[in-house]
There are 2 protein chains.
Amino acid sequence: MQDAEVEPGRHDALGVLDGLVGYHLRRASSVFASDFGRAVGGDGLRQVPFAILSVIAASPGIRQGAAGEALGIKRANMVVLINELVEAGHVDRRAAEDDRRAIALVLTPKGRTTLENATARLTEHEDELLADFTAGERDMLIGLIRRIEAREQPPAD
Amino acid sequence: MQDAEVEPGRHDALGVLDGLVGYHLRRASSVFASDFGRAVGGDGLRQVPFAILSVIAASPGIRQGAAGEALGIKRANMVVLINELVEAGHVDRRAAEDDRRAIALVLTPKGRTTLENATARLTEHEDELLADFTAGERDMLIGLIRRIEAREQPPAD
DNA sequence: CCGGCATTGTTGCGTGACATAACGATCGCT
DNA sequence: AGCGATCGTTATGTCACGCAACAATGCCGG
């Protein structure tokens, strides 16, 4: 047995932090965030706007509030984000048919191609980042993470 | 086989987003972040400062820069964070012995108890959040996430 | 020994992703 | 008709970053 403080280098000296799932989740998430930037950041597309495009594509005509809810984004913050996407020509605001307060969101053709291009480059980057994962490990990972997401708690009201 | 768009409710209609590991990582990380707030947020302790306390406890006398590096925090941002911790009486700045530019960080007794209390409440909360995970699944999860962290890329310089 | 260069902490500023509170317009229900 | 809930909006604040420039100090080659 050697002295305990000999080699702190390998997996760092994080202390109790190293045993907490939350910390590792945070770091891993930031790794993917940086990679997102390398993949599509050059086009000025950020994570949240990309997520919004994806949701709208999956449910054309979705209400602004519903889109935000699916992504855990507050209505107040959606406004600015949708403004951006409209000004960028990726999204059209349309009046909802049955509710004059609401706004229905649809992708423009440009928005659709932007989403497709970004998705292609993004999956490519993810494959690279997860190169040493087997398909089974990758599914396992997504499965475990989804179970965590399911435990999300409402903000107490 | 039913129509594909029948029930978007259950696991949401996220579109391509649902297949991307990065997105799920982000959401799961935010679930833990909220839980962190519920666990120790009342004491005004945030994730990053807590992480710093943990690193200092693991390596007393560590340089400010080295502590930041272990956590992926830029030196510029460490200044404010350490200021906070010093003002809160959790950390002492000491002059490094061998380098008059550097600063050696140590926990105060108050900092140590704060760290211990937070750690206790935190692991408690994590156990709750991961209640339906077996020990094996939990280890599996941490293992997979750590492999992602290892793929972190330097900021190009 | 001394002049250039890297490193340490620091300051200032910008940004992205949130939160919270208050408001007008509209809807639904009684 | 009236009242509360809901939808989008505006304003404002916070947290966790990022980058650029700087003084003080350390290191090293000539």
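**DNA strand C and the two protein chains**

Of the atoms of DNA strand C that lie within 4 Å of the protein, 59% belong to sugar or phosphate, and the rest to bases. Before I go on, please keep in mind that this is a predicted model, in which local features need pLDDT of at least 70 and side-chain atom pairs count only at pLDDT 80 or more, while totals for chains, interfaces and linings use all residues. Residues are numbered from 1 along each chain as its sequence is written, chains are lettered from A and ligands numbered from 1 in the order in which they are written, and side-chain values use heavy atoms, with hydrogens and water left out.

Let me stay with the DNA. DNA strand C is surrounded by 20 residues, the closest being A:R46, A:K74, B:G65, B:R75 and B:R101, where a residue is near a strand if one of its heavy atoms lies within 4 Å of it. These residues divide into 10 charged, 6 nonpolar and 4 polar, with Asp, Glu, Lys and Arg counted as charged, Ala, Val, Leu, Ile, Met, Phe, Trp, Tyr, Cys and Pro as nonpolar, and the others, Gly among them, as polar.

Helices here are DSSP runs of H or I with at least four residues, and strands are runs of E with at least two, numbered from the N terminus.

Turning to chain A itself, we find an open sheet of 3 strands in the order 1-3-2, with antiparallel pairing, where two strands pair if DSSP finds at least two bridges between them. Its edge strands are strand 1 (62–63) and strand 2 (91–95), and strand 2 pairs with strand 3 (residues 103–107) over 5 bridges.

Finally, the two chains: the contact, meaning heavy atoms within 4.5 Å, takes 57 residues from chain B and 58 residues from chain A. Between them they bury about 5,600 Å², 63% of it on carbon and sulfur atoms, buried area being the accessible area (1.4 Å probe) that two parts lose on being put together, summed over both.
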